[in-house]
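This report covers the cavity, the sheets, the cores and the pocket of one model, and ends with a single side chain.

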Amino acid sequence: MSVTERVVAVAGEALVDLVPLEGVGRFQAVPGGSPANVAVGLARLGVPERMLARIGSDPFGRRIREYLRDNGVGLEHVVDATESTSLAIVDLDGEGVAHYDFRIDGTADWQWTDAELAHALDGDVVALHTGSLALMIAPGGDALLRLAERARDSVTISFDPNARPQLMNHEATVERVRAMLRVADVVKVSAEDLAWLHPGWSPEDALADWITRGPALVVVTLGGDGSLAATAADPTPIHRPGRQIRLVDTVGAGDAFTSGLLSGLHRRDLLGADRRPALRELPKPDLTAVLDEATLTAALTCTRRGANPPTADEIRRYRE
């Protein structure tokens, strides 16, 4: 199997963000959800991917499908859900930082069953990325955890907690994060998430702890200050700086970073259970390059409104 045939599956919510339109007092409905944003980011970067989502047939659900399809996201394993579409209401503060409110009771994203996921990773899948609300909210979150546990022997597991404190019980979320740390190979977490998950811990404290719990690679994103990362074979952290940009907003920035991170690992043939030893021993120069690519991907997303990650061509043009 060549690198170009190795598929990254992304499991989780595909919802609609209601994004405020500047100066007009109205909202624009934009397809989003952290896992869906990651899938779109991977597709735009040229990584073969597969979306595992439950998407309804209501007008918002049809809009999500059209958006994903137009971006080249594989929908063959999407479940046709009877429930309505989840909504996230976006609020931007004076610095363009996004905050969220949600309408999710009884909606499609959280109703996964084991039967719906039984064949989700068939074929040339080398990695499964999951996290965010879909992994935390019952009953579907338990099914996604079981999928990750079953899949670990055959694929790389990637995880981003992407905490939403207003919807998550702290104790239960910390327990779920610890369960995922036991099975995940690649973990990306923001400093903001860590401040809620582990009050009083510094990013360095969290990195030092999490890298001992099973992952091959842990990355902590620090917003405009860049990122910290360590590997299992060399837990001494490295820091990479952020990029100076003209900030529009931060919607989807973390998801774009995840897409850039997984794309960099995919391009270097570091995804797949058979590549786990190489991933755990990723040399510092290669890790540095991967982090810088992910940082650029996130930075370019922050220069435009909403979750709108760059394409591979846009990144190439920026570097030229």
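## Cavity

Leu15, Pro31, Gly32, Ala36, Asn37, Ile64, Tyr67 and Leu68 line the largest cavity. On a 1 Å grid over the protein atoms alone, a cavity is a set of points where a 1.4 Å probe fits but cannot get out, and lining residues have an atom within 4 Å of a point. The largest cavity holds about 30 Å³ of space; volume here is the space filled by probe spheres set on the points, with grid points joined across faces, edges and corners. One cavity of 30 Å³ or more is counted.

E3, helix H1 (34-44) and H2 each supply at least two residues of this lining, and H2 gives the most, with three residues. Helices (H or I, at least four residues) and strands (E, at least two) are DSSP runs, numbered from the N terminus.

## Basis of the values

The model is predicted: local features need pLDDT of at least 70 and side-chain atom pairs count only at pLDDT 80 or more, while totals for chains, interfaces and linings use all residues. Residues are numbered from 1 along each chain as its sequence is written, and side-chain values use heavy atoms, with hydrogens and water left out.

## Four-stranded sheet

An open sheet of four strands runs in the order E3-E2-E7-E8 with mixed pairing; two strands pair if DSSP finds at least two bridges between them. Strand E3 (26-32) and strand E8 (98-103) are at the edges with a single partner strand each, so one side of each has no neighbour in the sheet. Neighbouring strands are turned by 30° against each other on average, direction ignored. Axes are lines fitted to C-alpha atoms, for helices over the stretch in contact, and angles run from 0 to 180 degrees between N-to-C directions.

Strand E2 (residues 15-21) pairs with E3 in the antiparallel sense over seven bridges, and Asp17 has Val30 in E3 as its bridge partner. Helix H2 (residues 59-70) packs on the sheet, touching E2, E3 and strand E7 (87-92), and its direction makes about 55° with that of E3. Contact means heavy atoms within 4.5 Å.

## Eight-stranded sheet

Eight strands form an open sheet of mixed pairing, in the order E4-E1-E9-E10-E11-E12-E13-E14. Its edges are strand E4 (49-52) and strand E14 (238-240); each has a single partner strand, so one side of each is left without a neighbour in the sheet. The twist averages 20° from one strand to the next.

Strand E11 (residues 186-190) and strand E12 (residues 217-221) pair in the parallel sense over five bridges, with Ser190 opposite Thr221 in E12. Helix H7 (residues 203-210) packs on this sheet and touches E11, E12 and strand E13 (227-231); its direction makes about 20° with that of E13.

## Cores

The largest nonpolar core has 58 residues, and Leu52, Leu128 and Trp210 have the most contacts inside it. A nonpolar core is a set of buried Ala, Val, Leu, Ile, Met, Phe, Trp, Tyr and Cys residues joined through side-chain atoms within 4.5 Å. Buried means under 20% relative accessible area, exposed over 50%, partly exposed in between (1.4 Å probe, protein chains only). Apart from this core lies another, of 44 residues, including Val186, Ala229, Leu282 and Ala298.

About 1100 Å³ of space lies in the largest pocket, a pocket being an open set with protein on both sides within 12 Å along at least five of seven lines. Of its 46 lining residues, Ser190, Glu192, Thr250, Ala253 and Gly254 are the closest to its centre.

## Arg182

Arg182 lies in helix H5 (residues 170-183) and counts as exposed at 57% relative accessibility. Arg182 touches Arg152 and Arg213, not counting residues up to four places away in sequence.
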